[in-house]
Amino acid sequence: MEFFKRLFIGTIFALNGSDKYLHVKRIVYNFLENDQFRFKKYIDFMMIVLIFTSVFILIKEVKSTIDPEIKFFNDYIISIIFMIEYVLRLWIYDSSTAIIIAQYEKDTTLSRKFRLRRALFKVFLSKWKHIRSISSIIDLLAIIPFFHELRLLRIFILFRIFKLFRYTRSIKTFGSVLSAKRFEFITLVMFASIIVVVSSVLVYVMEANNPHSKINTLFDAFYWAIVTMSTVGYGDVVTVSEEGKVVAIIVIMSGVAVMAFTTSLVVSAFTEKIEEIKEIKSIEDIAKLKGIYLICGYKEIGRQVALKLKSNGSKVIILDKDAKLVKEAIKDEFLAFAHDSGLLNTYEDLRIDFATQVRSVLCLDDTDVENIYTTLTVRSMSKHVEIISILESKQNRKKLEMAGVSKIIFSQEFIGLIAKEYIGQPVAFDLIHALRSETNGIQISEILVDDVMLRYHGDLSEIECRKYKLLMLGIYKSTSKRFLFNPINSTHLESGDMLIIVGDYVFIEEFKKHLHKKS
Amino acid sequence: MKSAVIFGYNEFALEIAQSLKTKYSDITLFVLEDSDRNLLKDKGFKVSKFDLSDDWSMFETDYDLEHLIVFCALQESSENIFLTISLRATFEKLLIIALSTDQESGRKLKMAGANKIIPITQTTVNIITEMLERPFVTEILNNILYADKDLKIMQWELPADVEFIGSNIEDIDWKYRFGLVVLAVIRENLDTSFIYTKKANSEPLREGDILVIIGFKYDIANFESMYKGVTE
């Protein structure tokens, strides 16, 4: 026995430390439970198709004969797939190996023999928590039709429909919204039940002995009460006595009240949850984005920068503590969240991955205190992400640098320089300003030299700038990291070089296409 | 003597004062509060106290108005606009440059008579977005405009007797003859338009056209020695 125990615990330790085992488990978890995993939706879709196929076959089977292959597919294949899914869900629910190891280490620490049975019992208890959950019970019931020989059990195919709760997000959302008003719904159901029970008994007492009444049994009375209360009123069973009609009036009025309450409950549940639902949806949308500009602070500068970046086709996410500003950002059609950009939790809640998703973090709050706070938080999460911050007061420059800002924008300094330059040559300066703000459709643009371009254009003489009414200001050479101003036509082009072009936006776009074609 | 007057006590006013030091020997900061005056005096600036209701005709005695430039950089937009309109009402030809925080105050400053508006928010926004989307352009333009590097920008108003009159801008070999790039030709009656639009490209140069030229310092110096009226 001891030998088997040692062998067992050895195997458990090996499994727990096995990267392969953990990797497989992680993959299964991603496919079945991780909503952020991009391939999960395919599994969900497949399961939904199987569920509908199964129910369709059940309906078809009522009045027609089903091909044996289809029957086999329904009874065995689908059931086996559901069974595998059930077992896999049970497996990934927790880590049995970790539970057993914890028990082993506890026993060893207390210098007693390893109690295998106790460890297995703990594993069972943990799994039991999963087994008795509603979704797991539905999964189990959906497998039962596998035992098709028991005719009665075939009806359990219908339980497969309930599995849709697992795979359809909108049904899940609907369920979670309604469950938020659980207490109110229970109260309403209790009220309706009392009315139904009391009125059925009253009507039964008053009508059962009346020869003209169709209410002869307590079940008739119960049926009448339900039909009346729900305001459906089939009219197949009605009260005939005066007393019975008085009860009917009370039941009808209560029914209207219950219906009105139910409707208002559902509406208020949705109204209360709608913001939360929207935020969850927005968080899911973030996971799909790459190359994001994360703007912290949506005051005037933040807003203008966000709008300009958006107009250039960039992806922008807004963070601001002020819910009012966030509302404005949402109105401006941004993904925006009323979260504090200076808190670690914010980025964890929003599941933002700085390494793979964020292009730059822009600290654009109007106080240096907030910008430094945000910078420190972001820098503590990512050492490499680019952080750009505005500086309000010159004396805080060093603090921003220490916090880890990559680039500081000190508007006051630029305004000073602008003032100085403007005095000397106002026309030239206006021109540069106009070029920078792209107000006239003329812009300065960067064009990256790539391998495709090089195939057709080896040097500048082969690039027809003039044809497109463009001006070549220079080339930023990737190898020497130097800007070659006004280069001569024989300048050799290399992959990674950046052409700096001035001209009409439309012509620049055409020019880019020309560069990727043979002249 | 060239003089500059800067209204306001804030980081913008101080930065403007610092930048102008190299070009202007007489710079005065006008402030609203006594406390600000004392602080600025400690920093070595020439300071005067003013009130928005002041009579500005005293400028005529204190400054040579033809060589005076005024910066309106008060914190409050309404005060800045009032100051601008007061100055313009007194002096029709005074060169007034005003700082605006938003588009609305920018429009009002223009209506109040400012010659040039420097939009603070828009400038910051442009700098940030350009830095993100076109980092090389930013670096190059900043080097040309602000840094004391080899590249410089200049503007040149074409005199009547210059050889280029009547020629198309693209027919002149600026690159190999002068080592320069003509960024734009600005013509008075074309208002904001500058070249490198099809129309301007095909029109021959006229007297009074302003050429905006970029080039290395020594090429610009050579060009200056050959032609008159070039300003850096």
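Analyst: Two residues are in contact here if their C-beta atoms, placed from the backbone, lie within 7 Å. The model is a predicted one, and on that definition the contact between the chains takes 55 residues from chain A and 56 residues from chain B. On the side of chain A that touches chain B, helix H20 (residues 411-424) of chain A gives the most, with 14 residues. That side of chain A divides into 30 nonpolar, 13 polar and twelve charged residues.

Of the 232 residues in chain B, 39% are buried. Among contacts in chain B with a separation of 6 or more, 57% join residues 24 or more positions apart.

Helix H4 of chain B covers residues 77-90. From first C-alpha to last, this 14-residue helix reaches 20 Å, close to the 20 Å expected at 1.5 Å a residue. Its buried residues are Asn80(B), Ile81(B), Leu83(B), Thr84(B) and Leu87(B). Viewed down the axis of H4(B), these buried residues fall within an arc of 160°, so they line one face of the helix. An α-helix has 3.6 residues a turn, so residues three or four places apart point the same way. The buried residues of H4(B) pack against strands S1 (3-7), S4 (68-72) and S5 (95-100) and against helix H5 (103-112), which belong to chain B. On the face turned away from the buried side, H4(B) carries the exposed residues Ser78(B) and Ala89(B).

Technical notes. Residues numbered from 1 in each chain as written. Chains lettered and ligands numbered in written order. Predicted model: local features only at pLDDT ≥ 70, side-chain atom pairs only at ≥ 80, totals over all residues. Buried ≥ 20, exposed ≤ 12 C-beta atoms within 10 Å, placed from the backbone. Helix = DSSP H or I, 4+ residues; strand = E, 2+ residues; numbered from the N terminus. Expected span 1.5 Å × (residues − 1). Arc of directions from axis to C-beta. Nonpolar A, V, L, I, M, F, W, Y, C, P; charged D, E, K, R; others polar.
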